[in-house]
Amino acid sequence: MHIAQILFSQGFGSRRLCSGLLFNGEVSVGGHVIADPWEEFETEGLEFEVSGKTWPYYAKALVLLNKPSGYECSRKPKHHPSVMNLLPAPLRERDAQPIGRLDEDTTGLLLLTDDGALIHKLTSPKHHVPKVYEAQCKHPVTPEMVAQLLAGVELREPESSKPPGTPGGKPVRTVPYKPEQVRAEGAEAFGTHGLRLTLIEGKYHQVKRMVAAVGNRVESLHRPQFGALTLPPDLKPGEWMWISSPSLITPT
């Protein structure tokens, strides 16, 4: 693939902008400045530099973000900044999307990709990809609560502080709300108020609603694991890293 096409495919702007980077001497491969937009390179294992920053070539982008509190998992956020603001411009240009969503006040492991098929695979309940959440609850977590979560609870209708039909409020229902029965794949208490849940679904506010169904309340929520991936302890909130292959998420 010629270098101008490589730059374009990796999110460095329009073809004109990519050619401009080359003509301005801002692109190098193996320490050599590349000025010819038609120069060919093998893409497998390729690393190149743009404006002094090293970039690996990936046909499909897949990154792990340590999401801090106060960010929405949306390209068009309503009340808080978007998690996309934490990613560099080339990843935003590639239209990387969150794989599932974390609430604004939830922290931890968030995956983003421009691979639509992968998003479907990792968010569909039929593929049974586990996600682990750690909640600090308002009241002590009892063995009875854990047993209920493992056996299954009925999700109540999501609550909103705003009137139905208003911006940010629940939609006006024309049919009664149908309660849903859900169960945790794994549940265990830690400390007195800590609860670790493993889920394979991703329903709206699911952890908070499940905890409410057993008579408790989530005060803070963190996701340390998605599939086989765990959040690296040295990755600070707001920082991100490349994931080299989806097989690291679902090894089998």
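Helices (H or I, at least four residues) and strands (E, at least two) are DSSP runs, numbered from the N terminus. This is a predicted model, in which local features need pLDDT of at least 70, side-chain atom pairs count only at pLDDT 80 or more, and totals for chains, interfaces and linings use all residues. Residues are numbered from 1 along each chain as its sequence is written, and side-chain values use heavy atoms, with hydrogens and water left out.

Start with the whole protein. It holds 6 helices and 15 strands. Its C-alpha trace spans about 65 × 40 × 30 Å along the principal axes. Of its 252 residues, 41% count as buried (buried is under 20% relative accessible area, exposed over 50%, partly exposed in between; 1.4 Å probe, protein chains only).

Next, select Glu-44. Where is Glu-44 placed? Look in the loop between β2 (32-33) and β3 (47-50). Glu-44 is exposed, with a relative accessible area of 77%.

Now move to strand β8, residues 131-137. This strand is mostly covered, with 5 of its 7 residues buried. Show its neighbours too. Two strands pair if DSSP finds at least two bridges between them. Strand β12 (residues 194-199) runs antiparallel to β8, joined by 6 bridges. Strand β13 (residues 218-226) is also antiparallel to β8, again with 6 bridges.

Finish on Lys-131. In β13, select Phe-226.
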